[in-house]
Amino acid sequence: MTAGARAAGRGLGRLLALSGALAAWPGGAGAQGFPPKPPRPTPLSPARYPPFQQTTLANGLELVIIEHHAQPVVSVTLSFRAGAIYDPPGKDGLATLVAELLTKGTEARSAEQIAASIEGAGGSLAAGADDDFLTISADALGDQLELVFDLLGDVTLHSRFAEGELALARTRALSALALELSEPAAVAHRLFAREIYGRNPYGKSATRESYQAITREDVTQFAAQRLRPRGALLVVAGDVTESQVRALVERAFGTWRGAPPPSPALPAPPTKPATDILLVHRPGSAQATIVLGNTTTGPGDPGYFAARIATQALGGGADSRLFMILRERKGWTYGAYASLTRYRGMGYWTATAAVRTEVTDSALGELLRQVERIRTETIPDSELTAVKGFLVGSFPLTVETPGQIATQVATAKLLGLGDDYLRLYRERLSAVTARQAEAAAARLYRRQALTIVVVGDAAVLYDRLKPLAPVRLVDLDGTALAPDALQPRAAPVALNKRVVVARRDSFSILANGNPVGTLVAVVAGGGDSLVYTEHTEIPLASVTQHTRVVLDTATLAVRAVEQTGVVRGMHLDVRLTYAGGRVRGHASTPQADGTLKALDIDTTLAPGTIDGEALNVLLPALPLEPGKTITLNVFTAGDATTRVLTLKVGAPESVTVPAGTFAAWRLDVTGGQTPLVIHVSTAAPRRTVKTEPVGTSLQFVLVH
């Protein structure tokens with residue numbers, strides 16, 4: 001017998017022995033079944049926190065040192081009361097920009113040198129701002145603590161806030177904002193915060209206008225006023241000693257002095273008389289996002305632990321009521337959740353779900369029923385045990401590393417939760433009774449005064465939601481809409497044919513800022529016709545496309561459209577003629593599912609309808625004025641339908657592309673398959689200088 005055969009024989013013998021043992025075991029294959037009761041849970045092990053020392057330095061900086069020698073790493077956080085609620089009026093987003101710029105260059109180091117220093121030591125250095133606090137955080141190996149404090153002191157006290165870095169940070173913020181506003185959930189939460197907080201600064205959100213209004217002087221003044229030692233919190237956790245930390249703190253911050261201005265009293269959130277629905281119109285949306293809830297209490301409310309239990313039972317995870325009913329039982333959503341948020345001021349709670357448009361009213365009705373149940377019915381013992389078991393059992397996983405410990409301690413200190421908050425956290429959760437959880441839910445979840453925000457296609461949802469609660473209608477910016485605006489009607493638009501001139505424009509197609517293709521657009525004239533051609537190449541996506549549009553020189557009406565090309569191996573072929581109020585022809589267009597859709601087209605069109613392929617050449621000819629809304633009937637050959645596109649014209653912005661810097665109108669285009677942001681130059685000859693499909697990483701930028 002070979003060695004391999006002997007090994008195989010031994011393996012088979014072990015398998016047979018194991019099978020026999022399992023068969024003999026009372027719960028195994030040879031038994032009648034599993035034990036009727038689960039084993040009793042093991043006793044709760046105490047959470048052992050490393051000892052920590054805390055003191056307030058002469059300059060007012062509060063210092064917390066947590067010695068944790070299990071791992072050779074260190075985590076440091078320095079937090080200030082300098083979050084978004086301190087942004088001046090009209091400058092929302094300032095705290096966020098200040099935080100980003102802190103690590104983008106000091107008097108002694110460039111941004112690249114800062115990054116190279118900390119990354120070369122295997123660490124990280126970053127800063128960020130939430131609603132209440134601005135925090136600078138650093139992580140590194142324990143033997144790099146001196147470098148950490150050297151960098152931390154440098155970025156805190158000597159940041160340059162260079163004009164060029166501010167411009168880059170603003171650009172990144174605007175890109176992130178555009179992506180955020182393309183997400184229904186983000187829009188819902190922005191408008192929800194505005195609804196529940198009103199004039200209170202917790203309801204504010206950054207906008208394009210507020211980011212554009214921020215100057216370097218605003219940045220330097222905010223940092224000088226709010227990033228002061230008195231009232232700030234420095235937490236050092238990890239493989240350190242108290243004497244070591246104190247020496248480094250003294251060297252980095254010993255001469256630092258000053259206090260921030262007194263925090264102004266925050267206006268009270270509005271009192272809501274009754275539950276209602278804010279319906280946010282997102283034309284054509286296949287899903288609806290629901291957010292409902294209300295403001296709650298301050299962070300130190302003694303009923304927090306009972307409310308935490310109730311919220312977990314309602315929607316804290318995959319075994320919660322909302323998830324099990326709306327997803328598992330009804331199949332309406334991928335997930336439905338509830339959560340509590342604590343601020344230094346008044347917090348809030350929410351229940352959320354994203355559902356198919358056609359079941360939005362049913363899903364919202366079920367959400368409201370479950371909120372009422374958690375308020376008025378005692379949680380069964382088995383459910384209460386499971387909820388507490390999860391929260392109590394998972395808590396130690398959040399305080400395993402120095403970074404986690406520093407974060408937890410900093411949060412407790414900054415919110416004023418008391419020195420014993422973390423030590424007694426599990427015991428306080430374990431002590432909550434079913435009656436206490438019910439009472440907390442009844443007190444905090446104001447069923448008769450809820451704020452409900454629904455983002456979806458209001459043309460479908462408006463009448464369906466009215467039986468549940470009064471409905472107010474707004475657009476994606478939060479501007480009030482009348483119900484008749486849900487069915488926009490486009491009329492012919494007067495076009496300025498003088499701005500459509502012979503030209504050749506070349507565009508680079510970018511994905512995540514990297515070139516992936518090209519688009520060349522040419523306008524040529526002769527006689528009674530203008531000819532617009534467009535050639536697109538995206539090699540990585542296997543796209544080659546050529547478009548030819550013939551327009552009437554006198555009216556700019558479309559006469560004919562031809563489009564050919566190859567998309568992912570499928571041949572595109574569109575040939576249309578426009579005459580006498582009709583469009584006729586044939587279209588074979590590749591679909592997203594990999595199929596080819598072929599249509600014979602013979603359709604009557606409303607006066608003024610334009611072909612979608614002519615949109616680029618006609619945009620500059622529209623009557624563009626800041627604040628104006630233009631509606632267009634646009635025919636799309638791919639599905640032989642006419643859509644109403646809505647173009648909102650914003651104030652001119654400075655837009656920099658490879659071809660130069662242009663003053664350009666911003667056009668927000670909705671109603672098509674994908675929302676677009678298009679910038680058209682204000683100066684003659686008007687040109688499209690930048691196009692961005694919202695919610696994607698793509699950009700079309702003018703090169704020359």
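Two rings of Phe, Tyr or Trp, the last represented by its six-membered ring, are taken as an aromatic pair if their centres lie within 6.5 Å. The structure discussed here is a predicted model. A search of the whole structure under that criterion finds 15 aromatic pairs.

## Aromatic pairs

Two of the pairs are set out below.

| Pair | Distance between ring centres | Angle between planes | Class |
|---|---|---|---|
| F305 and Y421 | 5.9 Å | 40° | tilted |
| F395 and Y425 | 4.4 Å | 25° | stacked |

The pair of F305 and Y421 counts as tilted because its planes stand at 40°, which falls between the cut-offs of 30 degrees for stacked and 60 for edge-to-face. F305 belongs to helix α10, while Y421 sits in the loop between α14 and α15 (425–430), so the pair ties together parts that are 116 residues apart in sequence. Both F305 and Y421 are buried.

In the pair of F395 and Y425, the planes are at 25°, so this pair is stacked. It, too, links distant parts of the chain: F395 lies in the loop between α13 (381–394) and α14, and Y425 lies in helix α15, 30 residues apart. F395 has a relative accessibility of 6% and therefore counts as buried. Y425, at 9% relative accessibility, also counts as buried.

Elsewhere, one aromatic cluster is formed by F192, Y197, Y202, Y343 and Y348.

## Helix α10 against helix α16

Helix α10 (residues 304–315), which carries F305, also meets helix α16 (residues 434–444), their axes coming within 8 Å and crossing at roughly 90°. The two helices α10 and α16 are therefore roughly perpendicular to each other. On the α10 side the contact is made by A306, A307, I309 and A310, and on the α16 side by Q436, A437, A440, A441 and L444. Sorted by class, this contact of α10 with α16 comprises eight nonpolar residues, one polar residue and no charged residues.

## The six-stranded sheet

Which strands make up the open sheet, and in what order? Six strands form this sheet in the order β1-β2-β6-β3-β5-β4, with mixed pairing. Its edge strands are β1 (52–56) and β4 (124–129), each of which pairs on one side only. From one strand to the next, the twist averages 10°.

Within this sheet, strand β3 (residues 73–80) and strand β5 (residues 134–141) are paired in the antiparallel sense over eight bridges. V74 stands opposite A140 of β5 in this arrangement. Helix α14 (residues 402–414) lies across β1, β2 (62–67), β3, β5 and β6 (233–238), and runs at about 155° to β6.

The loop between α8 (216–226) and β6 holds L227. With a relative accessible area of 3%, L227 is buried, because the cut-off for that class is under 20%. Leaving aside neighbours within four places in sequence, L227 is in contact with F80, A82, V98, L102, L134, F222 and W256. By contrast, the C-alpha atoms of L227 and R369, which are 142 residues apart along the chain, are separated by 47 Å.

Strands of a sheet pair through backbone hydrogen bonds, in either a parallel or an antiparallel sense. Strand β13 (residues 503–511) runs antiparallel to β28 and is joined to it by five bridges. L510 has Q699 of β28 as its bridge partner.

Strand β27 (residues 688–693) is likewise antiparallel to β28, with two bridges joining them. Here K690 has V701 of β28 as its bridge partner. The hairpin of β27 and β28 has four residues between the strands, and G695 in this hairpin takes a positive phi near 85°.

## T589 in strand β19

T589 is placed in strand β19 (residues 582–590). Its relative accessible area is 9%, so T589 is buried. Not counting residues up to four places away in sequence, T589 touches L572, V574, T595, L596, K597 and G638.

Notes. Residues are numbered from 1 along each chain as its sequence is written. This is a predicted model: local features need pLDDT of at least 70, side-chain atom pairs count only at pLDDT 80 or more; totals for chains, interfaces and linings use all residues. Side-chain values use heavy atoms; hydrogens and water are left out. Two strands pair if DSSP finds at least two bridges between them. Axes are lines fitted to C-alpha atoms, for helices over the stretch in contact, and angles run from 0 to 180 degrees between N-to-C directions. Angles under 35 degrees count as roughly parallel, over 145 as roughly antiparallel, 65 to 115 as roughly perpendicular and the rest as oblique. Contact means heavy atoms within 4.5 Å. Ala, Val, Leu, Ile, Met, Phe, Trp, Tyr, Cys and Pro count as nonpolar, Asp, Glu, Lys and Arg as charged, and the others, Gly among them, as polar. Buried means under 20% relative accessible area, exposed over 50%, partly exposed in between (1.4 Å probe, protein chains only).
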